[in-house]
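Morning, everyone. Please have the model open on your screens. I'll talk through how the chains meet.

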Number of protein chains: 4
Amino acid sequence: MRLAVAGIGNNISALVQGIGFYRQRDSSEQLPGVTHPILGGLRVTDIDVVAAFDVSEAKVGQPLSEAIFAAPNNYPELGTLRLTEDPEVVPGIADPDDKQQIASVTKLLRELEVEVLLYSLPTGLPEVARAYGRAAITAGVAVVNCTPDPIAGLTELRDEALSQGVPLVGDDLQSHLGSSVVHGSLLALLEERGLTLSGSYQVNMGGNADFANLRTHGANKEASKHRALRQKINHTDRVTVIPSAGFVTHLNDRKVAHMSIEARGWADMPVRLDVTLQVQDSSNAAGVIIDLVRIAAIARRRGETGFPVAATSLLKSPTLMEDPLRQSVNAREFLASLASENAGTAEKSEPTD
Amino acid sequence: MRLAVAGIGNNISALVQGIGFYRQRDSSEQLPGVTHPILGGLRVTDIDVVAAFDVSEAKVGQPLSEAIFAAPNNYPELGTLRLTEDPEVVPGIADPDDKQQIASVTKLLRELEVEVLLYSLPTGLPEVARAYGRAAITAGVAVVNCTPDPIAGLTELRDEALSQGVPLVGDDLQSHLGSSVVHGSLLALLEERGLTLSGSYQVNMGGNADFANLRTHGANKEASKHRALRQKINHTDRVTVIPSAGFVTHLNDRKVAHMSIEARGWADMPVRLDVTLQVQDSSNAAGVIIDLVRIAAIARRRGETGFPVAATSLLKSPTLMEDPLRQSVNAREFLASLASENAGTAEKSEPTD
Amino acid sequence: MRLAVAGIGNNISALVQGIGFYRQRDSSEQLPGVTHPILGGLRVTDIDVVAAFDVSEAKVGQPLSEAIFAAPNNYPELGTLRLTEDPEVVPGIADPDDKQQIASVTKLLRELEVEVLLYSLPTGLPEVARAYGRAAITAGVAVVNCTPDPIAGLTELRDEALSQGVPLVGDDLQSHLGSSVVHGSLLALLEERGLTLSGSYQVNMGGNADFANLRTHGANKEASKHRALRQKINHTDRVTVIPSAGFVTHLNDRKVAHMSIEARGWADMPVRLDVTLQVQDSSNAAGVIIDLVRIAAIARRRGETGFPVAATSLLKSPTLMEDPLRQSVNAREFLASLASENAGTAEKSEPTD
Amino acid sequence: MRLAVAGIGNNISALVQGIGFYRQRDSSEQLPGVTHPILGGLRVTDIDVVAAFDVSEAKVGQPLSEAIFAAPNNYPELGTLRLTEDPEVVPGIADPDDKQQIASVTKLLRELEVEVLLYSLPTGLPEVARAYGRAAITAGVAVVNCTPDPIAGLTELRDEALSQGVPLVGDDLQSHLGSSVVHGSLLALLEERGLTLSGSYQVNMGGNADFANLRTHGANKEASKHRALRQKINHTDRVTVIPSAGFVTHLNDRKVAHMSIEARGWADMPVRLDVTLQVQDSSNAAGVIIDLVRIAAIARRRGETGFPVAATSLLKSPTLMEDPLRQSVNAREFLASLASENAGTAEKSEPTD
């Protein structure tokens, strides 16, 4: 499967090093940390990065195999790179109003017969996100958007994608196992068991570029995390979420979340749950990206347009249809059905532009 | 509702002090820590303990209001006792082969028009449990069994109960929020998200009579806890459960559980969850007992016999019917329906013996 | 001992409720949480608040017994108030340039024969701190300064105090058991044992006025916390200190600190220490204030001027003499000697104005 | 330096793999996790294992480089072995009454010009410990004893060693950073700050042979851990120590300790410290062994007999002299002085038998 990536950060480092890690293993072995070894006939190891866009001086002009280790990237070097191609990082879209930059992305996507474009730039560049979305749609290439800057959520792009027959998968990645899902699940458990929440907090720390950004963009993230909790529990007013307490250098790409839940049980007696979650932040993203890019590729190969329902539970802001409850049930079934197809059944088709 | 209790331990102390605590409050207030303020028309504060059995010298002959504070009981004194009656603790069944002891329990239950007998002796006395079960059934009194020593699980008693028209509610209480449910939920979440479990442990500590017993009876408890986990996850072989690491005096009736979960995510990167749960052990039991005794009373008043399906999710070893999945769905509906009835609608009927 | 207090916040609430708590107890009992039951002959319960200054509308005009519970104060109400006097809170110094305000404080201190003035306003008002210091010195009253805004550290005030024969005790309180001392002790232990520090963080959360202020004044606090660590360990560059991750409402006056220490042992194998400290923030202050005000009173009664050496280890920025090491040794000896005097030996003298 | 090892467990695996790890590094680099890069002129990398004794079928007859990975050993394979010699493991002392076995150990120690014998068998074999001690003394070889089974503590062996001019270093290793020292330090800090201890526990878990043994020998360990605490604090009766809560397979050679400290501060307000310590158990031992074997070698080369005072703080049961306090001060000075000698100054002498 031919993948292009825009934004060569830790997520891309985790993605390509992880694919290499699994290529080292015997195909009959279990793949640790992989939710779906096969999706729609595509193996984890079937993904090839064939094009890479960035604007940083440290990365443009470098081969992908080196750019993924350029600062401020700090995902660990696993020594597991097994690239089939090692494309040079080319200049992407720096100025979203420059039509030539957009056209040149479109051109490259076409020439290289890219099937899916993965958008993975730092959060906070909505115009750039839209420009990449448009470039991909014009090229007839499916889009996966990891970030909260909307692509699939823009009516204008959605219409274009439909008329071009291109699937849009977004927006904003769910983590493989993040603090929102752990915190939300425990709060929901408490509510279900009938205990009375007194108060709760969640505080996150990390040392990668995301956490540096959060010091300035924290308010949006806090709102988005509260939204995520509100889907699970009632009393979010008793919950304080601190998306980033600060930048902790030595953690590098690791993320730590401390969560505390205080409640009242029978006869007003206290109940406490104290939780610490530690993850490799970008592995936590790449473990979900690997599913999204395959879902996008399969949808495109099968000529499906619009939002592929199977991606619903893998996104924080999926494109919602009329009946969200039914969508969520369908999503599980579609995902399970894709996961049960044999390897190698993924029919490869030409780009449909 | 007229309740008899057998075994005046911490659970009974928590139960009666808690009822008193809620009696202090204005009826319009929310009740902290109460899952169902009303069940089948019965309020939490509608429960009266009218008979109490024990065999300990420190408790027999004492009024209930004093016996609940006799050693080794160590649930805190909340200063909230508001008993409507304060029965003297009478000798219960010390020798399960002594028919006279059983008959005298039956006699008292009848005389005092008891509706439900709550069996709450220390674990490890199966013959005594059976004897109390028989005494109650003969008196036409419903039984709630908090312990793993079987009552509802004995075919012989079940048959007698059916022919006498008496509901049997058991066996073995689920905690309001216990380490099994927290640990199991997090392990299940990990499995659902597709991470690979490396290993996990759960270690429990406490300072009440249960923990003193566990030092000798730990193996049974470990098996029961593993059974509980197996309902939720697949790889229980990678999970070590230590029901009691030892008796920690200063914790008294509090219980602490440390849980650690180590897993592998994308590219074999580590994921860790470290959890500490702190509860008041007997409040954790009483918060569920209050529902079970009301379910038992309602079933008896309405002339229902056998196992009341609504109790299914509140027990570790509920009586299972042909279709457990359907039973579990029905249980939720029945419980919700009981919870939605207004206070005061519980029709009081005469014992049906 | 006749004490005046400036700034009726949580610290004062903790102080006076705590004194009341210990008054309830039999004098022969141990006093939980009290480092020195007696200092220089003064018992914990010998302290009387006879004057109280504030500028908040909610507090001025109220008796002390009510002002300590006015918002934003949120130290718990212990129900242990046993005041011998209940002074009305009077207007203190709002404008440090207003000489009349200063003079009126001096006047009241004299009239009420105050021995010690405790300065406890919110941090960040250095001019107000100086004004209170001057008012007290003029009245011949000893000063204890809880805050980092300098009083004892000002050469100008120090000279005036010397010439007036008034002791100055400050600046900035050590906590009874705070995150700096716990974190620093563990890092020092690691260093002493020869492990190599990889990185460490400390993150603090709370819900009182201090934490609300810290969101804006965090940088100073971070610097002060790093200074405290530097006294204990070498590699502070590998340590990230976050004085306030944010304001967590439900914690009220409680404070939580999460600390994590990662190091390398033999063969580069990892060593981890994860620590959570939970305290009642203002009890943590009052437990030290009670010693400082007695040290100040004793020094004044004995006609000692300048900085009482015994206070050295109880302050973050004590007044340092020529030989700090010797001072620190002397401080311990003086403190131990004061603690060994019998109750009632404290000679009471008239104010020395 | 020529070292013989008796008992090829995880500690020896950690020791020789660690030495190899440091041999890989440039000599000018810092050595992570090493307390004393040089002691008495000996570098960490100057130690060579030239003889190895064991009785297990899986180990005898194997080269050391393989025996260290034989079950039940489970210290990780670091891939850092850089042995200068790779001695075959030979049968050691299985029957302490068999004089021929002892004589054959003595003979080999002499032939191979061994300077120090490291005794590291599983705890609980005091007769075997004594036999190895005697074999070494007869050969004029210094002894380091890692275990609580006494060697240096036996008057009889001490006398023989003195007359033979052989240093005895023991008994029982302090960990590099263990739960006793962390727990004790925090409890002492609390005491020093004047808080009142309510209660505390320490619970340890691991997955190596030591933890399997502890299930049966736990009582001795608990006593020894309490002894260690008693040196630091007064109220050990309020502290519960659980040396092994159980064997947790997936931890392998890692060890986890959970510690909880509950205290009362001013006005009886609660203070909590919750600590988790995670270490690689055998690295924690090897990091101290590397100092002890060098101290033993230096003492022997310099013709010093008896107990080398510098080892005092590295042992749980050091040989105590008339004035323990002075010994402890001297120990620090001697250790610091040894650490300040240059590499290569260690004068090599012939065995002094």
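Start with chains C and D. Their contact takes 40 residues from chain C and 40 residues from chain D. Contact here means that the C-beta atoms of two residues, placed from the backbone, lie within 7 Å.

A word on what you are looking at. This is a predicted model, in which local features need pLDDT of at least 70 and side-chain atom pairs count only at pLDDT 80 or more, while totals for chains, interfaces and linings use all residues. Residues are numbered from 1 along each chain as its sequence is written, and chains are lettered from A and ligands numbered from 1 in the order in which they are written.

Back to C and D.

Nonpolar covers Ala, Val, Leu, Ile, Met, Phe, Trp, Tyr, Cys and Pro; charged covers Asp, Glu, Lys and Arg; the others, Gly among them, count as polar.

Now look at the strands. β12(C) pairs with β12 (residues 270-280) of chain D, in the antiparallel sense, over 7 bridges. Pairing requires that DSSP finds at least two bridges between two strands. Take one bridge: C:Leu273 has D:Leu277 as its partner in β12(D).

On to chains A and B. Here the contact takes 40 residues from chain A and 40 residues from chain B. On the side of chain A that touches chain B, β12(A) gives the most, with 10 residues. That side holds 20 nonpolar, 15 polar and 5 charged residues. β12(A) runs antiparallel to β12 (residues 270-280) of chain B, and 7 bridges join them. A:Leu273 has B:Leu277 as its bridge partner.

Last, symmetry. Chain A superposes on chain B by a rotation of 180° with 0.0 Å of shift along its axis, at RMSD 0.0 Å. The two copies are therefore related as by a two-fold rotation axis. Which C-alpha of chain A is nearest the axis? That of A:Val275, 2.2 Å from it. And the same surface serves both copies: 100% of the contact residues of chain A recur in chain B.

Methods. Helices (H or I, at least four residues) and strands (E, at least two) are DSSP runs, numbered from the N terminus. Copies are superposed by least squares on the C-alpha atoms of residues with pLDDT of at least 70 in both.
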